[in-house]
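Here is a friendly note to read alongside the model. Please keep the 3D view open and find each residue as it comes up.

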Amino acid sequence: MREKFMFKGDSLIGAIILSLALTSCGIGDGDSAPDPKLSAEKACEGLSPAAASALEDITETEEFESRWDSAVASLLEKSLTEPGQEERSELLACEIIPQQPKESIKLSKISVFFDEVPELPPSEGELWELLTLPIGLRATASDNSAEIFFSCDLSGGSSAQKKIPVVHGELMYGGRNSKKDPRPGNIKVLQDISYKIAKGMGCANNGDIPKL
């Protein structure tokens with residue numbers, strides 16, 4: 001997992017650093033061609049109406065450029081099921097770039113990553129004043145990020161899979177704080193994308209992530 005970025009007040013420098021860091025990350029071979037005139041419901045190869053509405057609230061805009069890597073679910077599933085697979089770093093599943101006039105830009109692009117983690121880490125909700133919800137194993141959100149942990153049982157009911165893997169999803173962006181609390185929306189967008197990844201991996205019960 002990457003280090004948390006919690007932006008409060010005038011933390012503009014931190015936001016700029018995060019924006020530059022995320023700009024250096026690219027989408028993999030399974031990416032879709034970017035379209036700068038997408039509606040929220042077409043971002044990340046399709047968001048539910050609830051997640052699309054949340055995305056519009058977070059960004060305060062209705063048009064987006066988006067890239068989606070369709071290979072992420074299969075790469076994660078492969079790393080969990082095939083012996084000898086090297087541990088993978090975080091995989092960039094989706095980028096969403098709000099199409100805003102330069103004079104009114106409120107946040108940088110939104111990036112969504114997934115990776116396997118050894119186990120569910122201790123909760124840091126109280127330490128960072130995070131919004132915490134019982135989605136998957138746990139979902140949390142700050143003003144500029146969200147995380148979801150979910151189990152991915154691929155055993156099909158057999159005893160071959162002794163330890164059920166834990167998958168970590170993370171949504172991050174840099175920008176100024178909005179008047180409206182963005183944390184519930186951050187979780188909704190990540191929940192919708194995580195459901196899609198868990199379903200694509202073949203996780204039992206879709207990782208216990210409710211469909212929006």
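**Notes on the fold, the disulfides and the charges**

1. Of the protein's 212 residues, 45% count as buried. Here buried means under 20% relative accessible area, exposed means over 50%, and partly exposed is in between (1.4 Å probe, protein chains only). Please remember that this is a predicted model, in which local features need pLDDT of at least 70, side-chain atom pairs count only at pLDDT 80 or more, and totals for chains, interfaces and linings use all residues. Residues are numbered from 1 along each chain as its sequence is written, and side-chain values use heavy atoms, with hydrogens and water left out.

2. Let us begin with the overall layout. The secondary structure comes to 5 helices and 7 strands; helices (H or I, at least four residues) and strands (E, at least two) are DSSP runs, numbered from the N terminus. Starting at the N terminus, the order of elements is α-α-β-α-β-β-α-β-β-β-β-α. Contact means heavy atoms within 4.5 Å. Among the contacts with a separation of 6 or more, 69% are between residues 24 or more positions apart.

3. Just after α5, look for G202, which takes a positive phi of about 85 degrees.

4. How many disulfides are there? The count is 2 disulfides, where a disulfide is a pair of cysteine sulfur atoms within 2.5 Å. With the bonded cysteines numbered in sequence order, the pairing reads 1-2, 3-4.

5. Another disulfide connects C152 and C203, S to S 2.0 Å. C152 lies in the loop between β6 (145-151) and β7 (166-172) and C203 in the segment after α5 (183-201), so the pair ties together parts that are 51 residues apart in sequence. Its handedness is left-handed, because the torsion about the S-S bond of C152 and C203 is about -90 degrees. C152 is buried, and so is C203.

6. Now for the charged side chains. The structure holds 6 salt bridges, a salt bridge being a side-chain nitrogen of Lys or Arg within 4 Å of a carboxyl oxygen of Asp or Glu. One of them brings together K37 and E63 (3.8 Å, N to O). K37 is in the loop between α1 and α2 and E63 in the loop between α2 and β1 (64-68), which puts these distant parts of the chain 26 residues apart. K37 is exposed, with a relative accessible area of 60%, whereas E63 is partly exposed at 36% relative accessibility.

7. D57 pairs with K180 in a salt bridge, the closest N and O atoms being 3.4 Å apart. Again distant parts of the chain are linked: D57 is in helix α2 and K180 in the loop between β7 and α5, 123 residues apart. D57 is partly exposed at 39% relative accessibility, and K180 is exposed at 54%.

8. D181 and R183 also form a salt bridge, with the closest N and O atoms 3.1 Å apart. D181 is partly exposed at 39% relative accessibility, and R183 is partly exposed with a relative accessible area of 21%. Elsewhere, E65, R67, E95 and K109 are linked in a network of salt bridges.

9. Last, which residue is the nearest side chain of opposite charge to R138? It is E147, 6.2 Å away, and R138 is buried yet has no salt bridge; for charge, Lys and Arg count as positive and Asp and Glu as negative, while His and the chain ends are not counted. R138 is found in strand β5 (residues 138-141). A polar atom of the R138 side chain lies 2.9 Å from the backbone oxygen of P121. Leaving out residues up to four places away in sequence, R138 touches residues including L120, P121, T132, I148 and F149.

Technical notes:
Polar contact = N/O pair within 3.5 Å; in protein donor to acceptor, adjacent residues only side chain to side chain.
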